[in-house]
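Thanks for coming. I will go through one model today and keep it short. Please have a look at it first.

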Amino acid sequence: MNISMIAWITLLVPLIAAALIVLVTRTSKPLASGLAILSALVAFVGAWTLFIAKTHGDFLGFNWINVAIDLDHHFTIPLGLLIDPLSRTMLVIVATIAPLVFIYSLGYMKEEEGYWRYFAGLALFLFSMLGIVLADNLVMMFIFWELVGVSSYILIGHYFRKNSAADAAKQAFLVNRIGDFGFMLGILFIWLATGDISFASLNPEAGALQGQPVMLAIGVVLIFCGTVGKSAQFPLHVWLPNSMEGPTPVSSLLHAATMVAAGVYLLARIFPLLAASPQASEIVLWIGAITALGAGFLAIGQDDIKGILAYSTISQLGYMVAGAGLAVSAALPMFHLFTHAFFKCLLFLSAGSVILGMHHEQDIWKMGGLKNKMPLTFLAYLAGMLALSGCPGLSGSFSKDLIMAHAWADHRAIFWVLVVGAALTPFYMARQASVVFLGSPRSDHAKHAHESPMVMVLPLLLLAIPSIAAGWGFVKNIFFPEALGSLEEAGHLPWFVEWIFISAFVVGIALAFAIYRNPAKDPLRIPLLANRFYIDAFYDWAVATIQGGFARLCSFIDRWFINGILVQGSATAIWFLGFCLRFLQVGNIQAYAFFFGAGVIALIYVLLTVH
Amino acid sequence: MPTLANYLLASGILFAIGLGGVMLRRSIIVIFMSLEMMLSAANLSLVAFSRYGLVNGHQNFNAQILVFFIITVAAAEVAVGLAIIVSLYRARQTTHVEDLDTLKF
Amino acid sequence: MLTVAFWFFATLMIAFGASVVLLRNPVSCAMSLVMSFISLAALFITLDAAFIGIIQILVYAGAVMVLFLFIIMLLDLRTEESRSLNIGATVGGLLVVSAFIAFLVKIISSTPAFSQKLPDFVGPQTSEVKMIGFTLFQTFWLPFEVVGVLLLVATVGVVVLSRKSLR
C-alpha cells in the first residue's frame, strides 16, 4: 500500500459508499448511515495519513482524453491527484469536519423521511469535495466543481415536497451555473494562452500571456467568476440564504465549511496568476470587501436563526476573497478558511440543535431563555460566536485581524470597509445570542425545549476545541508551513491598529446587548435590510423581463419564420408545384408519347450543345 | 458504294416515321405496328455498324447477336402486348386511343 | 451493284413505312409493314448479314405480322372512323419528328467516320452462320438462357391475360 493508493482510496471510498447506499440500503436506516459514516472515517484516516507523511506529488490516474494533434503535439486532459501543502491542509479540514457532521446527522435526521437519500447525497458530496481538493488540473477541478453543485442540489432539495425547498435547490444550481460559465471561459482562456491547465505548471509568463497584463487579468477574472458563484460573492450571493431550506447539517457542511470555501481554495490554487495581475486582484479585493460589508448589514435584519448565520457566512467568505485579493500569499485566505470552517460549522450545528429542541421552529422571535434549557449547546455556541466575532485569543480573531492588518498596509480604503464589517459581526452575533439564548422564553416551544441527544452534542463539543485553538501559533505552524506562503505580520503596524480591532469587537457586542436586552420583538426594523437590499426583486424582474422577452422573441421567430416560412412554406411550394404538374396527366396516351418524344429531343439537344 | 452514313440515314428516317406513327395515329393496333417499325430501324443501325466496324477482318458479330436478341424480345413483347389489347377491347369495346383516357389525375 | 440494291430497297422500305402511317385500313397497314420488313431483310443481306436477314423474315414478317393480322381479324377492326383532327397534337407530333430528323442529319453529316466505304474482309472467312453460332453459345450463353426464360414468362403471361375473367 503506497501513498498514491492511499490518496485514491481516500477519494473513491465515499463514491463507492454513495453507490452502495443508493443500490442496497433503501430499507435499512442503520446500514445507510453506517456506510456513510464509515466512508467519512476512511477519508479521515486517509487524509491524516497523507498529512502526517507530508506527501508531495502528482499522482496521475489516467488520461481522460488523449488526442494527437500532430507529430509532437497532444491534446490531453489528465485525471490525477495533486498532493502538496495546500491540498494537504484543505484535506484535513474537509476530512475532519465531515465525520463529525455525519455523526451529528444520525441524531438530527432520526425522524426524517428520505434517510437513505440524505446519506447518499452526503457521501456523494464528500467524494466531490475531496475531488476538488485533490484535483491536479483546472478541468478536473471543474468536473468536481459541477459534481459538488449537483450534490448541493440534491441535499438542498431534500424536502422537495416543499415548494420553497425545490425552488431554492433550483436557484442554487442555476446561479452557480452562471458563475461556472465564467469559470469555464476562464479555463479555456488560460488553456488557449498557455497550452497547459495543470496547477503545478501555472505560470503567468507562459505562452501567450507573456507581457500581456490585460489578457492575464481577463483570464483570472473569468476564473474568479467561478468563485463568485460558488462562494456566494456579490452579485451571485442570492442562492446561499435560500439554501438554508436544506437540513441543518447540510447547511453546516456544505454551505458554511467546505463547499462554499471551494471558491477560495480555487483562488489559492491559481495564486501565481492572481498575484501577477494587479488589475485582477484589485477586482477580487473590491468584490470581497463589498460582499463582506453588505452581507454584514443584511445579517442584522434577519429573523431566521439560520438566515443570520447564512449572511454571516457570505460576509466571512467576503473576507477570505478580500484576503486573496490582497495578493500577499496563498496562505492568507486559507488561514481564515481554516478557522472559519470550524467555528461556522459549530455555529450551524448548534443552531440545528436549537431547532431540533424547538421542534423545527426557526424564528428567533419565538425563542428565548434557551441557555437554561440547553446548556451544552449554549456553551458550544458561545465558543463559536466569540471566535467568529473576533474575540482576542480565539481562532477567528487571528485570521481576520491578519487580513485586516495586511489591508492597512496595502490598501487603506479596503481596511476601513473591513473594519466596519468586523464591527457588524459581533453585533449581529450578539443579537442572535441575546434573543435566542438569553432573556425569557417567548413561546411554548421555547418553554418546553430540552437538550439534544449526546450523538449531536458530542460533535459540538469536539468542534469547539479547534474553534478556540486553531489560530494559536503552534497550530498555525503545523497546518500552514512556509511552503504555503508567509503568514507574517504585515510590516510595521502602528500600535492603534490592534486597538481598532479590539474596540470593534467590544463596541459591537456592547451595542447589541444594549439594544436587544430581552425585547419582545425586533426594535430595529429596516425595510431595506429586511428585503435584502431588493436584490432578489431586481433579479426576479430582470429574469422575467429580459429573459422572458427574449424567449418571446425566439418563440415568434420559431413559429412564424422557421415553422411558417421555411417548413410549411417549402411544403406548400412543393405541393403547389405538384398541383400544377398534375394537369399534365391528361389521360391521352398519345399526349404522353408526345411528352416522351419531346423529352428525348430535348435530351439530344442538351447532349449536342454541352459538348 | 453506300457509305455507313447512308445506312444510318435510312435507319434514322424509318425510326422517325415510326415515331410519327406512334404520336399521330389513333388506332392502337397501328400504333403498335409503328412501334415494331422503330425496333427494326434500330436493328438496321446495328447491322450496319457490324459490317462497317470490322473486328479481326470479319464483321463484328456481337452486334448481330444483339440484333438476334432484339428480335426475340420484340416477338415476346408483341405477343404480350396484343394479349393486353385484346383484353382492353373486351373491356372497353374500342380501339380508339382517345377513348382510353382514365389514366389521369 | 451494291449501290443500286441499297437505293432500291431503302426507298422501298421507307415508302412502305410511310404508307403504314398514312393508310386508313388496318389490314393495309399490316401488309405495308410486311413489305417494309422484307425490304429491310434485303438490306440486311446487302450488308453480308444473311442469317439476320432470314431471321427477320421468318420471325418478324412471318410470325409477328401474322399475329397482328390474327388480332385484327379477331377484333374485327374496320377502317377507323375519322374523328376531328386535333391540330395541336398533330403539329406537336410533326414538330418532334422533324426535329428528330434534323438532329439526325446534322449528327451524321458532322461525323467524318461515317463516310467510310465498305471495308473488305481480311483473311480466311468461316461461314457467317458458324461464327454467329460460336458467338451466341460461347460469349453470350447466359443471355441466351435468360431470353429462353423470358419467352416462357411471355407465354405464361399471354395465357393468363387471355382468360375471360381474371381469376
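In which helix of chain A is A:Ser128 found? The answer is helix H4, residues 115-134 of chain A. Before going further, note that this is a predicted model.

Staying with A:Ser128, is this residue buried or exposed? A:Ser128 counts as buried, because its relative accessibility is 0%. Leaving out residues up to four places away in sequence, A:Ser128 touches A:Phe144, A:Leu147, A:Val148 and A:Ser151.

Next, the contact between chain A and chain B. On the chain A side 11 residues are in contact, and on the chain B side 13. The two chains bury about 960 Å² between them, with 65% of that on carbon and sulfur atoms. Of the area that chain A buries against chain B, 45% is supplied by A:Gly587, A:Ile589 and A:Gln590, more than by any other three residues.

How many salt bridges are there between chain A and chain B? The count is zero. Polar contacts between chain A and chain B come to four residue pairs, both residues being at pLDDT 80 or more. Helix H25 of chain A, residues 589-610, gives the largest share of the side of chain A that touches chain B, with five residues. By type, that side of chain A divides into six nonpolar residues, four polar and one charged.

Last, confidence. The model scores ipTM 0.92 and pTM 0.69. Chain C has a mean pLDDT of 90, and 98% of its residues reach 70 or more. Within chain C, confidence is highest in helix H2, residues 26-46, at a mean of 95, and lowest in helix H5, residues 128-138, at 90.

Note on methods: Residues numbered from 1 in each chain as written. Chains lettered and ligands numbered in written order. Predicted model: local features only at pLDDT ≥ 70, side-chain atom pairs only at ≥ 80, totals over all residues. Heavy atoms only, no water. Helix = DSSP H or I, 4+ residues; strand = E, 2+ residues; numbered from the N terminus. Buried < 20%, exposed > 50% of the residue type's maximum accessible area, 1.4 Å probe, protein only. Contact = heavy atoms within 4.5 Å. pLDDT = per-residue confidence, 0-100. Buried area = accessible area lost by both parts, 1.4 Å probe. Salt bridge = Lys/Arg side-chain N within 4 Å of Asp/Glu carboxyl O. Polar contact = N/O pair within 3.5 Å; in protein donor to acceptor, adjacent residues only side chain to side chain. Nonpolar A, V, L, I, M, F, W, Y, C, P; charged D, E, K, R; others polar.
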